[in-house]
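Here is my notebook from an afternoon of browsing.

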Amino acid sequence: MAFNGHQREDESIDEDETPTKQPRSEKEMPGCVKTEPRNEASASAGRATSERRTSSSTARHRSDSVKKTRPPFPWFGMDIGGTLVKLVYFEPKDITAEEEQEEVENLKSIRRYLTSNTAYGKTGIRDVHLELQDLTLCGRTGNLHFIRFPTHDLPAFLQMGRNKHFSSLHTTLCATGGGAYKFESDFRTMADLQLHKLDELDCLIRGVLYIDSVMSSGPSECYYFENPTDPDHCVQKPYTLENPYPLLLVNIGSGVSILAVYSESNYKRVTGTSLGGGTFLGLCCLLTGCSTFEEALEMASQGESTRVDKLVRDIYGGDYERFGLPGWAVASSFGNMMSKEKRESVSKEDLARATLVTITNNIGSITRMCAVNENIERVVFVGNFLRVNTLSMKLLAYAMDYWSKGQLKALFLRHEGYFGAVGALLELLHPS
Amino acid sequence: MAEFVRLDSSTSRHTMDKSITLPPDEIFRNLENAKRFAIDIGGSLTKLAYYSTVQHKVAKVRSFDKATKEAASDKLYEISVQEEVTARLHFIKFENAYIETCLDFIKDHLVNTETKVIKATGGGAHKFKELIERKLGLKVDKEDEMTCLIKGCNFVLRNIPHEAFVYAKHADSEFRFQTTQPDIFPYLLVNIGSGVSIVKVESEDKFERIGGSSIGGGTFWGLGALLTKTERFDELLQLASKGQHTSVDMLVKDIYGGSYSSLGLTGDLIASSFGKSATADKEFSKEDMAKSLLHMISNDIGQLACLYAKLHNLSRVYFGGFFIRGHPVTMHTITYSINFFTKGEVQALFLRHEGYLGAIGAFLKGAEEDNPNQYSWGENYAGSSGLMSVSPDMNPMQRARSGTFDMLEMDRLERQLVNLPLLQDPSSYIPDTMDLTEDALAREYWLYCFEEALDGVVKRAVASQPDMPEAAERAEKFRQKYRHKLETLRHQPFAYGSLTVRSLLDTREHCLNEFNFPDPYSKIKQNENDLALKYYQKAVKSLEELSWEERQFALVRGVLAGNVFDWGAKAVSDVLESDPEFGFEQAKRQLEERPWLVDSYDQWLERLKGPPHKCALFFVDNSGVDIILGVIPFVRELLSRGTEVVLASNSGPALNDVTNGELQILTERIAAMDPVIQAGLREDRLTLVQSGSSSPCLDLSRLDKVLAMVVRERQTDLVIIEGMGRAIHTNYYAMLSCESLKMAVIKNSWLADRLGGKLFSVVFKYEVPAGKPSQGSAAVTPS
């Protein structure tokens with residue numbers, strides 16, 4: 001991707017000197033101040049050894065210092081994953097005339113470029129439908145934008161940053177995901193930018209909890225599928241994550257991480273699997289010659305996995321009653337492909353569908369075992385594998401419900417893959 | 001038992017294994033009396049099981065009738081070779097392609113069977129039902145696959161020592177065999193067929209499928225075939241073993257540039273399987289894709305297995321199914337995965353006879369009326385092919401041997417075998433002192449040693465049957481068979497579990513029996529017993545003339561000197577041949593002077609000054625001078641002290657070891673001359689029991705049930721183990737819950753060297769278990 005915005009070599013102005021509005025009440029600044037008592041309670045209820053604690057934002061940072069601690073614009077949060085870079089950008093809408101005048105041209109051009117386009121270069125995309133409007137962050141009101149582009153286009157992004165003299169803005173670029181580590185030196189050498197690196201799981205959890213807390217109006221952030229085992233009556237329903245703990249958070253990106261979350265600051269990574277979104281796309285590319293996630297999903301939606309997979313009924317003629325296995329259950333993923341004739345008779349769409357079903361069911365099955373082992377009943381699935389992937393979401397909802405006999409509930413979040421980036425932005429605004 | 005000390009000659013010993021496809025008459029053996037057929041037809045291999053009886057010769061000893069004695073001969077007892085019928089289970093594994101030929105062959109050779117039904121299991125049972133019924137005229141009776149699998153698994157775990165092993169690719173020995181656990185339950189069986197079934201087994205009849213996965217061997221095969229255009233499963237594994245998964249998989253370091261250290265994820269971990277193949281317009285090699293697929297599937301299965309093991313709190317996890325079946329590649333990746341996910345808390349276990357489980361289980365289902373589980377069974381090394389006999393991975397040279405048949409034979413043992421109740425910790429007891437699978441130097445030596453001794457064994461076998469003209473021919477077959485086994489073991493030391501001196505000796509006994517040489521030493525033993533007996537009274541008398549303390553030492557020296565007498569131990573056999581009386585005295589002089597290599601005689605003597613033991617269990621060794629002039633006087637002294645004695649001797653012949661049958665006669669004869677022994681027998685203070693073994697070594701975890709009962713009833717508080725085979729090659733480190741005495745003379749210079757001694761060094765190891773001060777030391781204050 002390439003950012004082709006304007007370039008100007010303006011002098012930078014220290015934003016701290018820019019007059020700003022009076023700080024607002026605490027209530028309006030969920031991103032800045034978090035003092036919910038439940039955090040402390042559950043944190044002190046403490047979990048044993050293997051957990052990881054993050055020091056949460058506490059009352060240390062109080063409103064009187066909001067202005068002082070508020071970082072200069074632009075406000076970005078970045079999550080550089082194995083496949084995609086996720087970028088959140090806060091566009092202030094409460095800019096005063098005075099501010100406007102003093103705003104450096106550099107900054108303006110970045111803002112205009114990002115907000116007036118929905119696509120950047122060949123591969124950058126702004127998910128307009130996810131935009132959060134009239135959000136108050138650190139005393140400023142504005143819109144939160146969600147942008148993504150493939151990680152392999154990161155050099156182009158850096159080149160743009162260099163061209164735009166991004167570094168002259170003296171902003172801190174908060175970044176998470178493995179790429180924050182891998183590309184740290186590239187940011188420095190190519191764009192003269194110093195990254196503030198953040199742990200991806202800390203950011204993920206912070207992002208999830210924040211987005212869920214601000215989405216009181218508009219479409220519900222969290223939802224589930226009602227009647228997951230009945231295709232005709234399976235419908236998406238809003239869900240309130242009011243008292244979310246404990247929850248199992250399953251992040252399906254290129255790979256998968258499964259976290260048990262007991263409070264914002266108390267969580268542990270239970271396990272992970274390398275069979276994730278990257279596997280789905282990677283296998284689809286090899287099997288069907290497709291090249292994008294969207295293409296792969298489109299094929300999958302038209303295929304039939306039962307031609308590829310060997311089902312219980314293919315082996316036993318029906319249910320395997322001795323073990324309570326229904327005939328429709330998959331006995332062997334890709335099992336029919338052991339036979340040459342069957343290999344020759346399946347379509348690319350069938351193969352794409354089977355790949356999707358295999359990966360999704362496997363994630364479901366590992367998740368279910370973790371939920372049982374950790375004794376947690378609520379499972380939240382996030383990550384970009386689920387983007388525009390209703391097929392997988394319904395499969396997960398089904399699998400959770402069916403194999404747990406209704407014990408487990410699969411929940412989904414609208415901002416699927418952006419929580420890490422949101423968490424990084426929050427870290428910029430409010431260092432923990 | 002006997003050993004070899006010949007280190008001179010250097011015959012060529014690297015004859016190559018030239019075995020090719022075996023003719024069927026060497027495969028479907030003993031078909032004439034076969035019954036109770038079972039068949040397990042998998043995706044590519046068929047496993048056939050049947051029960052048969054084997055007639056073979058056994059050597060029996062019998063006292064002469066009083067009336068005929070004087071006239072008949074001056075021999076002590078009569079040796080006769082009799083026909084004995086024993087039960088044997090045959091299992092044969094072959095490729096499905098041979099099924100029709102095999103069925104025809106069976107039909108032609110099945111003579112007098114009343115069998116009407118054949119039990120069948122496995123996915124292919126359905127497909128071949130009609131063929132089997134037509135060819136064999138038997139009704140196919142289908143059995144549930146999983147039930148058969150579990151039944152078979154329980155059977156092998158219980159009956160085959162060293163059945164389970166841990167696979168460690170980079171260790172000195174890839175296979176680390178597990179000792180048989182007294183209680184095999186509960187365990188987890190992860191069966192990786194086309195899909196995966198995870199079964200929790202709690203008892204013989206109680207098991208439950210607690211989970212599974214659709215990502216299994218079929219996924220590897222199916223997806224692998226699509227990705228690499230490679231047809232066969234074996235070829236896919238071959239491809240995988242040559243590939244590099246890092247070019248296809250996205251690793252942690254591909255995302256992070258290094259490790260994700262705060263989570264402890266190293267850079268080389270796979271973050272996303274096939275994550276790199278999403279990059280369009282790049283070609284990936286077949287090998288790399290196959291390897292990536294293999295890792296993906298193995299890791300996934302390992303992870304699920306761990307989650308289930310954790311949930312059900314199980315630490316024993318066995319893996320089986322065609323995905324595993326003897327493939328080092330998959331055993332390695334599964335092991336790796338289990339280690340990773342459990343951080344080493346759970347070990348992945350594999351089974352030597354994993355491929356036979358279904359067939360064994362189906363057979364057992366059909367044989368329930370024979371109640372096969374009430375017997376103990378033993379793997380017959382002569383008739384079994386051993387681990388990976390046909391594995392192309394292990395033996396690339398044999399890749400063309402696709403027609404090879406793999407066999408397993410199990411003998412029904414006459415006695416039910418159990419643990420010695422006096423083992424301190426049965427679950428950690430390992431009989432063998434040296435594991436030749438791991439110790440390459442020792443392995444080299446002993447394989448050489450056994451090969452060197454082969455000529456002598458053959459000669460003795462022929463000599464033991466002078467009136468049988470074809471003995472020479474049979475002996476030659478024996479030589480070939482045993483040499484072939486040694487050759488196999490040289491390349492695949494893990495073929496029959498841990499390779500040990502005991503297993504080498506046992507394999508030789510099995511091979512000798514196979515060719516009807518049940519007891520090559522019978523005449524020698526007879527002769528030797530005869531001679532030694534004549535000297536008995538004189539020996540006892542001279543002992544009685546000694547002071548108490550002198551006598552105790554003389555008795556110990558007697559046992560040790562007697563133990564020097566050992567046929568097959570070349571260093572002493574020459575002396576033996578000439579004059580046993582003189583030999584015995586000379587043997588005493590040959591003994592190492594105290595302090596011995598291992599010497600706790602002083603503690604033993606102190607202990608003897610204390611109260612007598614309640615009951616001593618004595619595992620005896622050789623015939624002749626050893627038992628008659630060494631052991632019996634020692635036993636006599638124990639009896640005089642008021643200690644009951646249980647003499648445990650072999651059930652069947654092994655080398656020149658005294659058998660229970662021979663010992664019965666010997667004690668009768670001695671009782672006739674010695675009132676102390678006579679009284680002991682009469683008052684039931686001296687008892688003879690069978691060990692349940694026919695080995696020159698001793699496995700205290702597989703002993704006759706009656707022996708265990710007697711030991712318990714008599715409150716045995718002293719165990720005496722005599723001889724190199726039983727006290728040094730095995731049980732040297734055995735920990736017992738009561739006092740124990742291990743006595744042996746090292747008659748092999750290599751071994752002596754290993755133990756830091758020299759030829760004829762003495763091991764006298766008296767041990768009192770920790771926390772149990774011997775009564776002697778409590779009662780007697782040292783002066």
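**Entry 1: chain B as a whole.** I started by counting and found 25 helices and 25 strands in chain B. I noted that I am looking at a predicted model. Next I looked up burial: of the 783 residues in chain B, 62% are buried, meaning that their relative accessible area is under 20%. The accessible surface of chain B is about 30,100 Å², and carbon and sulfur atoms account for 50% of that surface. I also checked contacts between residues at least 6 apart in the sequence of chain B, and 75% of them join residues at least 24 apart.

**Entry 2: a sheet.** In which order do the 7 strands of the open sheet in chain B lie? I read off β18-β25-β24-β23-β19-β20-β21, with mixed pairing. I then looked at the edges, where β18 (598-599) and β21 (686-690) of chain B each have a single partner strand, so one side of each has no neighbour in the sheet.

**Entry 3: one pair of strands.** I reminded myself that strands of a sheet pair through backbone hydrogen bonds, either parallel or antiparallel. I picked β19 (residues 615-619) and β20 (residues 644-649) of chain B, which run parallel and are joined by 5 bridges.

Entry 4: Which strands does helix α15 (residues 548-564) of chain B touch? I found β23 (718-722), β24 (739-745) and β25 (762-767) of chain B, and the helix makes about 45 degrees with the direction of β24(B). Then I turned to helix α20 (residues 660-673) of chain B, which lies across β20 and β21 of that chain. Its direction is at about 160 degrees to β21(B).

Methods. Residues are numbered from 1 along each chain as its sequence is written. Chains are lettered from A and ligands numbered from 1 in the order in which they are written. This is a predicted model: local features need pLDDT of at least 70, side-chain atom pairs count only at pLDDT 80 or more; totals for chains, interfaces and linings use all residues. Side-chain values use heavy atoms; hydrogens and water are left out. Two strands pair if DSSP finds at least two bridges between them. Helices (H or I, at least four residues) and strands (E, at least two) are DSSP runs, numbered from the N terminus. Contact means heavy atoms within 4.5 Å. Axes are lines fitted to C-alpha atoms, for helices over the stretch in contact, and angles run from 0 to 180 degrees between N-to-C directions. Buried means under 20% relative accessible area, exposed over 50%, partly exposed in between (1.4 Å probe, protein chains only). Accessible areas come from the Shrake-Rupley method with a 1.4 Å probe; for residues, only the protein chains shown count as cover.
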